[in-house]
Amino acid sequence: ARTRRSTPVTSHGKGATGEPVNDSGQGLRRTKSIEQSIRDTDEPDTKLKKTLNSWDLTVFGVAVAVGAGIFTLTARTAGNVAGPAVSLAFVFAAVACGLAALCYAEFASTVPVAGSAYTFSYATFGEFVAWIIGWDLILEFALAAAVVAKGWSLYLGEVLGTASPVVSVGGLDVDWGALLIVVVLSVLLVTGVKISSRVSLIITAIKVAVVLLIVVVGAFYIKAANYSPYIPPAQPAETETGLTQSLFSFVTGAEGSNFGWYGLLAAASLVFFAFIGFDIVATTAEETVDPQRSLPRGILGSLAIVTVLYVAVTLILTGMVNYTELAGDSSTLATAFELNGITWAQKIISFGALAGLTTVVMVLLLGQSRVLFAMSRDGLMPRALAKTGSRGTPVRITVVVAVVVAVLATFFPIGTLEEMVNIGTLFAFVLVSIGVVVLRRTRPDLKRGFRTPLVPLVPILAVVACLWLMLNLSVETWLRFVVWMALGVIVYFAYSRRHSVLGRQQAGLE
């Protein structure tokens, strides 16, 4: 086995370097000190190249958050749930997301190591919880990348003016469009993260330009009367039953309503997921030149830009047409333009969505590979996967991720699993928010490039907001999540616990 630099434990429970050490042997709560995590980033065989700055990180954040949702989610939420108040729902969602983002900014600037919530949890809650959150992120990123790749394939068909890029081979449906985008972007990521950032910048600029064009053109068709009533009167909502109803409804028996104030809050829960993505910025911490300054700027800056874009689009959308004309599941941003006689908008919007989803897939693949890289370096996944290539990128991990996502996106209809992405993300948000409070108490001496304000109030509010959103997810989503977590526990005890680098060091085996 490769020799690792370990921190000897003194009689006072501190390492020779002075940092606190958890010497709980093979216990599930053994923690990996932040100092050790940072030292591990200098190992030649697993060293990532530092090339990113705050601008690169902001681009990644905007790239993954602004996808097809801005062209579809806004219209459906306005027509079916919130009315013109959908713009306020986006503000509420941005505030809730911002609370978690503040916690991520502190952690990322304090622990500038690949792995995001996994690495943060290892330093605060211990190895078992870190494994659980890492296992959770594997599910989140892999499913999200596959789902978005299939969406990209659909928009490719629209742009080309053909049917969806799916062919039947021996009775098996093969989505060659999804396969194409995963392979191309994976090759790009292997080439280098800086090159990937430049490509992402170009494509992100294109899709933001499309959004701004829509805002400018749509502004000439706004009718003030369409904003009234801003919060429409409440109406009974169609009640879901069985496993498709929300966990909150299942437990309490409560029935929801559309529009009104309850509809506004429900809309905030729906559109919250349009902001998900800033957490992936934290996975690039190890490849950032000045992480203490750049990571908080990238995380919070991307969130601010995305919020402005979404609110602007919703204001234009609900000003162009009455919200009742957007009711139904088929309404999109293009619907508002068609109702105003702007027929060319469909092609522009499809092109913008195609560009938008391209960068979403790229950043999701990037996030997935960095989390797995961190877990492999710690021995919780096969350590051989953590090798980096001559360009300072985790080639082996990227190839493995590409193969798994390509298989999922090419051969499986996985649209029904989209909510799994949401519950996985929110679970990570909860742990990171709690972790900020824990680390403030256990390691007040740490240098923090960014400090979350009003601790513990802000983390508590972030946890409450995320738990509320989780309760609004369906029962079947919760059941699938529990099954996946149970599988993760089995893998941990069958493999990861025995191969843990930290565990082997504390047992004197390395």
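Mentor: Contact means heavy atoms within 4.5 Å. This is a predicted model, in which local features need pLDDT of at least 70, side-chain atom pairs count only at pLDDT 80 or more, and totals for chains, interfaces and linings use all residues. Residues are numbered from 1 along each chain as its sequence is written, and side-chain values use heavy atoms, with hydrogens and water left out.

Trainee: Which residues does Phe-275 touch?

Mentor: Not counting residues up to four places away in sequence, Phe-275 touches Ala-65, Phe-90, Ala-93, Ala-94, Cys-97, Leu-303, Val-306, Thr-307 and Tyr-310.

Trainee: How many residues has the largest nonpolar core?

Mentor: Such a core is a set of buried Ala, Val, Leu, Ile, Met, Phe, Trp, Tyr and Cys residues joined through side-chain atoms within 4.5 Å. Buried means under 20% relative accessible area, exposed over 50%, partly exposed in between (1.4 Å probe, protein chains only). Here the largest has 146 residues, and Phe-275 is among those with the most contacts inside it. Helix α6 (residues 127-160) gives the most to this core, 18 residues. Helices (H or I, at least four residues) and strands (E, at least two) are DSSP runs, numbered from the N terminus.

Trainee: Is Val-174 buried or exposed?

Mentor: Val-174 is buried, at a relative accessible area of 14%. Val-174 sits in strand β2 (residues 172-175). Beyond its neighbours within four places in sequence, Val-174 contacts Pro-165, Val-166, Val-167, Val-169, Thr-410 and Phe-411.
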